[in-house]
Every structure is written in structure tokens, then in C-alpha cells.
Amino acid sequence: ETNGISVCVSENGWIDREIKAQWFSKIFLKSIDKSKKNVLLVDGHSSNYNADLVNEAKENNVTVISFPPNSTHLLQPLDCNFFRLLKDSLRHEIAYFSQKKSKPDQWDILNILPDAWHMA
């Protein structure tokens, strides 16, 4: 973890159940008030349907709610608004970086991301 950013990678580059379980236990649960009711909204990705994760959620006063299939683009306003702007800003920053240096790697992207975040 660096500057409040946690990075985890998998062989194929996709989130899997193990990565989701680590994120849930080590990051999400530490960020909530377990004495209150909490809700975690998830899409239909298979990593969200891990029995251990669901049980851990119940034990920590978290209700996991899954978006209906084929509806996340409608129900996730951050994807339609903020993240679209963030992606556009990130593309701009990557293009600028690439003009000065070579194509950025994943670690360069983490250094570029704060500027793109503030632009968005």
C-alpha cells in the first residue's frame, strides 16, 4: 500500500475470489463502522459470490446486494459520470507521459493517476 492506494495483481489480470476476499477483509471491513448496518453493492461478477465472503459480511453487519443482470450501466452512476471523466483524464495524462518518455508501465500509471483524478 502506497499513498492510500492498494495494489493487488493476478496471473490473468482479473479480480478473482481470493483477491476479492483479501480486499473485503483487509480494506473494506477496516473502513466501516461495524456497529452500524452497512451495505456493499456488487455487480454479477463471480468473485462476489464466495460463501466465505458472504458469511464474513453477515458477521460484520454488512448486507451484500447484487445489481440485477445487465443493469450495472444504469445503476452505477459513477461509471457513467465520474469514472468516464477519470478514464478520459487518465488517457490524456498517459498520452502526455508517452510523449516525454516511453509507454508507461503499471507503476507509472499509479504515479500518473493522482493528476488524472484531480482533473476529473
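Biologist: Which residue forms a salt bridge with Arg91, and how far apart are the closest N and O atoms?

Modeller: Side chains of opposite charge can pair when their charged atoms come close. A salt bridge here is a side-chain nitrogen of Lys or Arg within 4 Å of a carboxyl oxygen of Asp or Glu. In this predicted model, Arg91 pairs with Asp88, and the closest N and O atoms are 3.0 Å apart. A word on the ground rules: local features need pLDDT of at least 70, side-chain atom pairs count only at pLDDT 80 or more, and totals for chains, interfaces and linings use all residues. Residues are numbered from 1 along each chain as its sequence is written, and side-chain values use heavy atoms, with hydrogens and water left out.

Biologist: How many salt bridges are there by this rule?

Modeller: The count comes to two.

Biologist: Where do Arg84 and Asp88 sit?

Modeller: Helices are DSSP runs of H or I with at least four residues, strands are runs of E with at least two, and both are numbered from the N terminus. Arg84 and Asp88 lie in helix H5 (residues 82-100), and because they are four residues apart there, about one helical turn separates them. Asp88 and Arg91, also in helix H5, are three residues apart.

Biologist: Is Arg91 buried or exposed?

Modeller: Buried means under 20% relative accessible area, exposed over 50%, and partly exposed in between (1.4 Å probe, protein chains only). Arg91 counts as exposed because its relative accessibility is 52%. Arg84 is partly exposed at 44%, and so is Asp88 at 37%.

Biologist: How much space lies in the largest pocket?

Modeller: Rolling a probe the size of a water molecule over the atoms shows where empty space is left. On a 1 Å grid over the protein atoms alone, a pocket is an open set of points where a 1.4 Å probe fits, with protein on both sides within 12 Å along at least five of seven lines; lining residues have an atom within 4 Å of a point. The volume is the space filled by probe spheres set on the points, which are joined across faces, edges and corners. For the largest pocket this gives about 1,500 Å³. Its lining has 32 residues, and Ser6, Ile15, Ile19, Lys20 and Trp23 are the closest to its centre.

Biologist: Which helix gives the most to that lining?

Modeller: H1 does, with six residues.
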